Amino acid sequence: MFLGGNMVSGKMYLNLGDFKFKDITKASGLENIRGFRTGVNMADVNGDGHIDIYVCAGGRYTDDFRKNLLYINNGNSTFTEKAAEYGLADMSYSTQSYFLDIDNDGDLDLYLLNHPPDPKESNNLRLENDKDGKPKIALSPNLTFITDRLYRNDNGKFKDITEKSGILNEAFGLSADVADFNEDGFADIYVCNDYVKPDNLYINNGDGTFTDKFKIIFNIPPSHLWDLILRISIMTDAWI
C-alpha cells in the first residue's frame with residue numbers, strides 16, 4: 001500500500017499477511033519530501049508486468065517543485081523515479097491521473113486532470129460567441145499549467161498531444177472516469193468539474209482527437225460532481 005503525503009514523505013507498506021504491514025518506504029526508494037502531492041495512480045506503465053506508481057503534485061509553488069513523479073517498479077520491492085525519462089514530469093497544477101488506451105494499440109496513454117492555481121477563478125465564467133454567434137466559454141490565452149493534458153504513449157515515451165487532441169479546458173477538475181460511453185470501441189473520458197464550469201464528456205473520435213459532447217448528450221446544467229459518475233445499466237440493454 002502506498003500513501004501519498006504532501007507536507008511529509010509518502011509511505012510504502014508491504015503486506016506481510018494476516019493484516020500486518022511493514023513500512024518499507026526508505027528501502028523501496030520512495031522516500032521523498034519534495035512537492036505537495038495530490039493524486040496517486042498505480043498501473044503497469046512500461047508493460048513489464050510490474051505495477052508502477054504515478055504521483056501528481058500541485059500547490060502554488062515554483063514550477064520545478066510541482067513536477068509529477070513516476071516511480072518505476074524494479075521488480076524487487078524497489079522503485080526508481082523516471083518521470084522525466086518517460087516524458088511525464090509534468091508541472092501543471094495536477095489533481096489526478098488516469099491511464100487508458102486512447103488508440104487501441106495495446107499500451108497505456110495518460111489523461112492528466114488539472115486546475116487553475118488561483119481560487120478566485122472558481123466562479124469566473126468568461127463567454128464569447130462562436131462562429132455561429134452562440135455563446136461559448138472563453139479560455140485564457142495562457143493555459144500552460146492549467147488545462148487538463150493528454151499524453152500518448154509512443155513506444156514507451158509519452159508525447160503531449162493536448163492541443164492537437166482538442167482537449168483544452170480551464171476548470172477545477174475534481175475527478176474523471178474512463179469508459180466507452182458510445183459503444184464504438186474507443187475509450188471516452190468524463191471529467192467532473194467544480195464551481196461554475198460545466199463537466200466535460202470527451203468522446204473519442206478514433207483518430208487521436210476528442211470532441212466535448214456534454215451539452216449535446218446531457219443538455220443539463222453543470223453537475224459539480226465530487227466523485228466519479230456512477231456507471232450503470234438501468235435496463236438490460238448493456239448501455240452505460
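Q: Which residues point one way from strand 6, and which the other way?
A: In a regular strand the side chains alternate between the two faces of the sheet. In this predicted model, Leu69, Tyr71 and Asn73 point one way from strand 6, while Leu70 and Ile72 point the other way. The residues on both sides are buried.

Q: Why is strand 6 largely enclosed by the rest of the structure?
A: A residue is called buried when its relative accessible area is under 20%. Five of the five residues of strand 6, residues 69–73, are buried, so the strand is largely enclosed by the rest of the structure.

Q: Which strands are joined to strand 6 by bridges?
A: Strand 5 (residues 52–58) is joined to strand 6 by three bridges, and the two run antiparallel. Within this pairing, tyrosine 54 has leucine 70 as its bridge partner. Three bridges also join strand 6 to strand 7 (residues 79–81), again in an antiparallel arrangement. Here asparagine 73 stands opposite phenylalanine 79. The hairpin of strand 6 and strand 7 has five residues between the strands, and glycine 75 takes a positive phi near 85°.

Q: How many disulfides does the structure hold?
A: A disulfide is a covalent bond between the sulfur atoms of two cysteines. The structure holds zero disulfides. Cysteine 56 counts as buried, at 0% relative accessibility, and cysteine 192 counts as buried at 0% as well.

Q: How many salt bridges does the structure hold?
A: A salt bridge requires a side-chain nitrogen of Lys or Arg within 4 Å of a carboxyl oxygen of Asp or Glu. The structure holds four. One of them joins arginine 149 to aspartate 160, with the closest N and O atoms 2.9 Å apart. Arginine 149 belongs to strand 12 (residues 149–154) and aspartate 160 to strand 13 (residues 157–160), so this pair ties together parts that are eleven residues apart in sequence. Arginine 149 is buried at 13% relative accessibility, whereas aspartate 160 is partly exposed at 35%. Another salt bridge is formed by aspartate 18 and lysine 20, at 3.2 Å between the closest N and O atoms.

Q: What lines the largest pocket?
A: The lining consists of 26 residues, and Lys136, Ile137, Asn200, Asp212 and Lys215 lie nearest the centre of the pocket. Two or more lining residues come from each of strand 11 (135–137), strand 16 (200–204), strand 17 (210–212) and helix 4 (214–218).

Technical notes: Residues numbered from 1 in each chain as written. Predicted model: local features only at pLDDT ≥ 70, side-chain atom pairs only at ≥ 80, totals over all residues. Heavy atoms only, no water. 1 Å grid on protein atoms, 1.4 Å probe; cavity = no way out; pocket = protein on both sides within 12 Å on 5 of 7 lines; lining within 4 Å. Helix = DSSP H or I, 4+ residues; strand = E, 2+ residues; numbered from the N terminus. Disulfide = S-S within 2.5 Å. Buried < 20%, exposed > 50% of the residue type's maximum accessible area, 1.4 Å probe, protein only. Pairing = 2+ DSSP bridges.
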